[in-house]
Amino acid sequence: MSVVLPGGDSVERGPAMEETAGLRRRFLIIVILCGLLWGGLMQIPASLGWVPLGPEQTRNNLLFVAMSSATLLVAWRRPSSFLPVAVVYFAGALLYASAAQFLVVEDQLRMLLFFPLVGAIFLIIGRAAAWIAILVAIGVFAAASADGSIRVSPLAASTFVITLCIIGLFFQAFSHQTTRALTMISRQNLALDAAAKQDHLTRLLNLRAFREAMQAHAGDLRPDSGFSVAFVDVDHFKAINDRYGHAIGDAVLVALARTLEAAVRAPGEVARIGGEEFAILLPGADLAEAAPAAERMRAAVAAMQVDAGGATLSVTVSIGLAASRSSFDTIDALLQAADAAMYEAKRGGRNRVALAGAG
């Protein structure tokens, strides 16, 4: 799943992207609160006759306060809807600022209302919307100047237009660099998260990731969400390390990982959970259905051959099976049952499969 950044770029969802979306929403709330403060402060002196807003702009001010209040409530209560809320709010704010250019002639600096709006649109909605807002601001300024609502010198008019465009370029560059930085951070976070869930030697899942996979399949271990777990342990692995060295031992573990992956024909998850111990998740399989798969894995490992510095090395494994449809009410209980069954296979002579609860 991907996230669309303010600049319009799309990157894979990750913690950095989620935080960015939250930051944009929080900034939107701050902008709306500032708009409410502005509207409230303008309404009080206008009602007392201290500020000559006029009846039309006073009405517009009341509408702006009402619109701001409504969008603030939606943005606060429905975080996922902040983007359409932002579009509605800034459209209303642009209309409010545009009307002021024609109706509040006593305010010679009213065109400055466009500047904070443009910057906020860049940061919250994106570059395309912000440049549209800049064109709207320039168009409104030109229209107000043409009908005499705004009376400034050509130099002042050019200063307004050029400054607005320069601000747009600054925010354009800032938005682009921010997007690049966030994309890099997101990719790094995703890579770190993947590495944290992977065994460095075999490239299989590690115990943490395996437990997460179990939890995803298990839920509350209801009967209709059953699966089985196979615990696999290499027989006499210490003797292999002692005789051939740890490099050959590692080669055995890597070969075993590939063999187990190939032997799991149905969709499953293979993990190295520590040392010479592996675990396999078999979704949708009870003990009777998982036993043939476990036996297939055992036979595949027994037929496996590893180059041990000129010699050919063979290994066997002991496998314990446990099913979630049995009387295990937690993930840990299920893992312990599979582990106990694996030790039962070792006590029975090794190179075999044992089922939890089979007596």
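Colleague: Where is the place of arginine 110?
Modeller: This is a predicted model. In it, helix H3 covers 82-103 and helix H4 covers 114-124. The place of arginine 110 is the loop between H3 and H4.

Colleague: Which side chain of opposite charge is nearest to arginine 110, and how far away is it?
Modeller: Arginine 110 is buried yet has no salt bridge. A salt bridge needs the nitrogen and the carboxyl oxygen within 4 Å. The nearest side chain of opposite charge is aspartate 107, at 5.8 Å.

Colleague: Which backbone oxygen lies 3.3 Å from a polar atom of the arginine 110 side chain?
Modeller: Leaving aside residues up to four places away in sequence, arginine 110 touches Ala100, Gln101, Val104, Val105, Ser149 and Ile150. One of these residues supplies the oxygen, at 3.3 Å from a polar atom of the side chain. That residue is valine 104.

Colleague: Does isoleucine 162 count as buried or partly exposed, and what is the relative accessibility?
Modeller: Isoleucine 162 lies in helix H6, residues 154-196. Together with Ile166, Leu169 and Phe170, Ile162 forms a nonpolar surface patch with about 420 Å² of accessible area. Isoleucine 162 counts as partly exposed because the relative accessibility is 49%.

Colleague: Which residue forms a salt bridge with arginine 272?
Modeller: The closest N and O atoms of the pair are 3.2 Å apart. The pair links distant parts of the chain, 73 residues apart: arginine 272 is in strand E4 (residues 269-274), and the other member is in the loop between H6 and helix H7 (207-218). Both residues are buried. The partner is aspartate 199.

Colleague: How many residues apart in sequence are the parts tied together by lysine 346 and aspartate 233?
Modeller: The two side chains meet in a salt bridge, 2.8 Å from N to O. Lysine 346 lies in helix H11 (residues 331-347) and aspartate 233 in strand E3 (residues 227-234), so the pair ties together parts that are 113 residues apart.

Colleague: What is the relative accessible area of aspartate 233?
Modeller: Buried means under 20%. Lysine 346 counts as buried because its relative accessibility is 14%. Aspartate 233 is buried too, with a relative accessible area of 6%.

Colleague: What separates glutamate 261 and arginine 258 along helix H9?
Modeller: Their side chains meet in a salt bridge, 2.9 Å from N to O. Glutamate 261 is partly exposed at 37% relative accessible area, and arginine 258 is partly exposed at 35%. Because they are three residues apart in helix H9 (residues 246-263), the separation is about one helical turn.

Technical notes:
Residues numbered from 1 in each chain as written. Predicted model: local features only at pLDDT ≥ 70, side-chain atom pairs only at ≥ 80, totals over all residues. Heavy atoms only, no water. Helix = DSSP H or I, 4+ residues; strand = E, 2+ residues; numbered from the N terminus. Buried < 20%, exposed > 50% of the residue type's maximum accessible area, 1.4 Å probe, protein only. Lys, Arg positive; Asp, Glu negative; His and termini not counted. Polar contact = N/O pair within 3.5 Å; in protein donor to acceptor, adjacent residues only side chain to side chain. Contact = heavy atoms within 4.5 Å. Patch = residues over 30% accessible without salt bridge, like charges linked within 9 Å, V, L, I, M, F, W, Y side chains within 5 Å. Areas by Shrake-Rupley, 256 points an atom, 1.4 Å probe, with all protein chains shown as cover.
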